[in-house]
Amino acid sequence: MGNSPRKQSGVAMIVVLWMIMVMMTLAASLLYATRTESSMVDYARRTAIARATADAAAHYAVMQLFLPPQERDLQLGGKPLLWQYEGAKVEIRVVGENGLIDINYASRELLAQIFKEVGVEDQAASDMLDVLEDFRDVDDLKRLNGAEDGDYESAGLAFGAKDAPFERIEELQQVLGMTPQLYQALTRYLTVNSGAAGINPMLAPRQILLMLTEGDAGKVDAYIAEREEAAKDGRSVLPDFGQAFFDNSQQPLYRMQIRVFTDETAPPYFEERSVRLSPEKMPPFVTYFRVLQASSAQFE
Ligand SMILES: [Ca+2]
């Protein structure tokens, strides 16, 4: 007798239990989805606030740059300026592009110094420089340990050497043999915008000065104190080290690193941008690029 009331209620019980289980699973996944969504919205909201705050900080830094030097709170050379805005704490660092090393114009000797500083020495650095110079020179003649189009093809790459000057630092990632780690370590030393062979020490970040003294922090900090004094009166002072690599070029081009702390629980938002001052415009600057950087790229 398949249809006894007892058996029927057993089946009904199983169906009810099964439905409860399905509903519980649904509810759990819905709850999970809602939580994920709300944390995503929260993240998006926090990022939007941080971006807008960084934008405000960039305007503030530009305003500082337009002030007479003795009225500025901002020191060029990457010393952090702390600023508060709408409850967020912001750290602003500004260096002149002329305080960085131009990857198109710097001497091989100076570029070798940076490689050494980030742990690539002697033969490896020399090989890398051959590859880098082949990448940017217009010809297809290969240096001793360099690389031209054929080598990129052999390495299975869809692109070859650029055979033109670097227009963006990011292009360095396309140089044969460049690793993401090495690229990240190099970026805070380099620029494509200074247009000079040398470094202007008045605008340079501390890590570049340290590199030129082979890590003599005492010497570097004494010079930084001296340049801060000089900058107040619009004077320029040269350090007593690294003379071979300095020049006094200066253009109205600055690199800014902005770190925004929106709340204590989230990691800070960090962006870098390159700006050119243009007093005749409103706002009086143009942003060339704006990137999110790893903190290893931060100026000292
Ligand atoms: Ca070439």
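Predicted model: local features only at pLDDT ≥ 70, side-chain atom pairs only at ≥ 80, totals over all residues.
Buried here means 20 or more other C-beta atoms within 10 Å of the residue's own, exposed means 12 or fewer, and partly exposed is in between, with C-beta atoms placed from the backbone. Helices (H or I, at least four residues) and strands (E, at least two) are DSSP runs, numbered from the N terminus.

Residues are numbered from 1 along each chain as its sequence is written.

**Helix 3, continued.** I looked up which residues of helix 3 are buried, and got Met128, Val131, Leu132, Asp134 and Phe135. They sit on the same side of helix 3, because they cover an arc of only 165 degrees around the axis (the arc is that of the directions from the helix axis to the C-beta atoms). On the face turned away from that buried side I found the exposed residues Asp122 and Gln123. I also checked the span: helix 3 has 15 residues and reaches 21 Å from first C-alpha to last, close to the 21 Å expected at 1.5 Å a residue. The expected span is 1.5 Å times one less than the number of residues.

At least three core residues come from each of domain 1 (52-100 + 194-300) and domain 2 (107-178), with bounds from an automatic or database domain assignment. The centres of the two domains, taken over C-alpha atoms, are 28 Å apart.

I listed what Ile258 touches, leaving out residues up to four places away in sequence: Ala54, Ala57, Ala58, Val90, Ile92 and Glu271. Contact means C-beta atoms, placed from the backbone, within 7 Å.

**Two loop residues.** Leu100 is in the loop between strand 2 and strand 3 (101-102). I have Leu100 down as buried, because 29 C-beta neighbours lie inside 10 Å. Its contacts beyond four places in sequence include Tyr189, Leu190 and Arg255. Arg235 is in the loop between helix 7 and strand 5. I logged Arg235 as exposed, because it has 11 other C-beta atoms within 10 Å.

Conventions. Contact = placed C-beta atoms within 7 Å.
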